[in-house]
Amino acid sequence: MATTGGSSVRVGPVPFKDVEHDGDMVTAVPERPSEEYVALVSALPCCTIAGMSNTKLCCYQGFWLPEGLAPAAAALQRRFEPRPSDVIVASLPKGGTTWLVALAFATLARRAHPPGSGDHPLRRLNPHQCLPFLEGMFISGLEGMLDALPSPRLMNTHMPLAMIPGAVPADGAGGGCRVVYICREPKDMVVSLWHYFRRVYPDLEFSEVFDIACDGTMLWGPFWDHILGYWRASVARPENVLFLRYEELLRDPAENVRRLARFVGMPFSAAEEEDGVVRGIVELCSLDSLRGMEANKAGYVDTRTKFPREALFRKGVTDDWKSHMTPEMACRMDDIVADKLRGTGLAFP
Ligand code: PAP
């Protein structure tokens, strides 16, 4: 139990697995869908990804969500009540989620769990087990558990910002919570997604994943609208949204951890800097370190879809798209990105 000032008051973030009843990330369609669920999904435009056993996606408020998550999005919008101290880690799949989840947990929990400690939660848990997956909570009837978590709560989501009401208040209004978004160069993100999907769907063609990314029908896509939602909010409300880039994290992880700590109101003290706490967090959360942990070598990201945890720790480099895309494919995606981002101040060099 984390304590504050010697008292036994529990302070967040606590490793979610330690307070969750069965410890598995919940992303699945519920086994017995409610009538509300059936009615909502049946009214939405849907499509399937052929090479992934016809995985069904539904277009909810302009975003293509795995079908089970459309009702979760509706419930999230109706019932999620952010606390001012909440920190939400947001990303697209393969945008750098696992890394940022680990860094954020290690940074926010560093007083209860110094990065060098032998029993640090990240040495026994997959990073995703340390945080509740926001939309997963709302699909599985576990949302009450969010209320029980001590502040500050640390959660993660793939949902577009528009689907997290109250996180970032409308112009001029105060309040909201803190959202840290990580964004990755789209071509590399698509390559990473394909490698991941192939672990369960070995016959999936790269071209199919590439095409759905370009069409906008990628999971949680269109990716450009997802990214732009967070980007625009980070420009308009920098006190609420921190926009990080995977490539920048690779270039200078320590400086980005400092930015993260300042943003959540927990800057590193001079004593912590001197003690090497930042370096400790960066090392603990490095790809090699996480890849080597037993909790990340075995088991599944979630028990229904059976993606192995170790698939989350593949290569972790930039420009991997060069060995997967033809120049024409790269050009097609670059053109889409340039077109969608024009005039926004955001670019992928
Ligand atoms: P998720 O959204 O499903 O959680 P996510 O963690 O965003 O997945 O994506 C995994 C990618 O992040 C992998 O990229 P790759 O396929 O191009 O290799 C993985 O290697 C990379 N990754 C995971 N952990 C780290 C880390 N600690 N440092 C750098 N990259 C990492």
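Asp 320 sits in the loop between helix H15 (294–297) and helix H16 (327–341). Helices (H or I, at least four residues) and strands (E, at least two) are DSSP runs, numbered from the N terminus. Asp 320 is buried, at 5% relative accessibility. Buried means under 20% relative accessible area, exposed means over 50%, and partly exposed lies in between (1.4 Å probe, protein chains only). Apart from neighbours within four places in sequence, Asp 320 contacts Asp 188, Val 191, Arg 314 and Lys 315. Contact means heavy atoms within 4.5 Å.

The model is predicted: local features need pLDDT of at least 70, side-chain atom pairs count only at pLDDT 80 or more, and totals for chains, interfaces and linings use all residues. Residues are numbered from 1 along each chain as its sequence is written, and side-chain values use heavy atoms, with hydrogens and water left out. The pLDDT is the predictor's confidence in each residue, from 0 to 100. The protein chain averages a pLDDT of 91, and 93% of the residues score at least 70. Residues 1–8 form one of them, with 11 contacts beyond near neighbours in sequence in the model. Residues 22–31 are also below 50, and this stretch has 25 such contacts. Where pLDDT is low, the predicted coordinates should not be read in detail.

The protein chain holds 16 helices and 7 strands. Its radius of gyration is 19 Å, close to the 20 Å given by the globule rule for 349 residues, so the chain is as compact as a globular protein of that length. The radius is taken over C-alpha atoms, and the rule is 2.2 Å times the number of residues to the power 0.38. Along the principal axes, the C-alpha atoms fill a box of roughly 55 × 45 × 45 Å. Of the 349 residues, 56% are buried. Among contacts between residues at least 6 apart in sequence, 72% join residues at least 24 apart.

The protein chain exposes about 14,900 Å², and carbon and sulfur atoms supply 51% of this area. Accessible areas come from the Shrake-Rupley method with a 1.4 Å probe; for residues, only the protein chains shown count as cover. The chain carries 37 positive and 43 negative charges, and their mean positions are 2 Å apart. Lys and Arg count as positive and Asp and Glu as negative, while His and the chain ends are not counted. Each charge is placed at NZ of Lys, CZ of Arg, CG of Asp or CD of Glu.

Several backbone features lie in loops. Most residues other than glycine have a negative phi, and most peptide bonds are trans. A cis peptide bond joins Ser 151 and Pro 152, with omega about -5 degrees. Pro 152 belongs to the loop between helix H6 (143–148) and strand E5 (154–157). The bond from Gly 221 to Pro 222 is also cis, with omega near 5 degrees. Pro 222 lies in the loop between helix H8 (206–215) and helix H9 (223–236). Trp 220 is in the loop between H8 and H9. Trp 220 is not a glycine, yet its phi is positive, about 65 degrees. This tryptophan is buried, at 7% relative accessibility. Ser 53 also has a positive phi, near 50 degrees. Its loop runs between strand E1 (46–49) and strand E2 (55–60). Ser 53 is exposed, with a relative accessible area of 59%.

Helix H13 (residues 277–284) is mostly covered, with 6 of its 8 residues buried. These are Val 277, Val 278, Gly 280, Ile 281, Val 282 and Leu 284. Their cover includes helix H4 (97–108), helix H11 (253–263), helix H12 (270–275) and helix H14 (287–292).

Two further buried residues lie in helices. Ala 70 is in helix H3 (residues 69–79). Its relative accessible area is 0%. Not counting residues up to four places away in sequence, Ala 70 touches Leu 40, Leu 44, Tyr 60 and Leu 65. Ala 70 and Glu 135 are 65 residues apart in sequence and 9.3 Å apart in space, C-alpha to C-alpha. Ile 227 is in helix H9. Its relative accessibility is 2%. Leaving aside neighbours within four places in sequence, Ile 227 contacts Leu 92, Tyr 181, Cys 183, Phe 243, Leu 346 and Phe 348.
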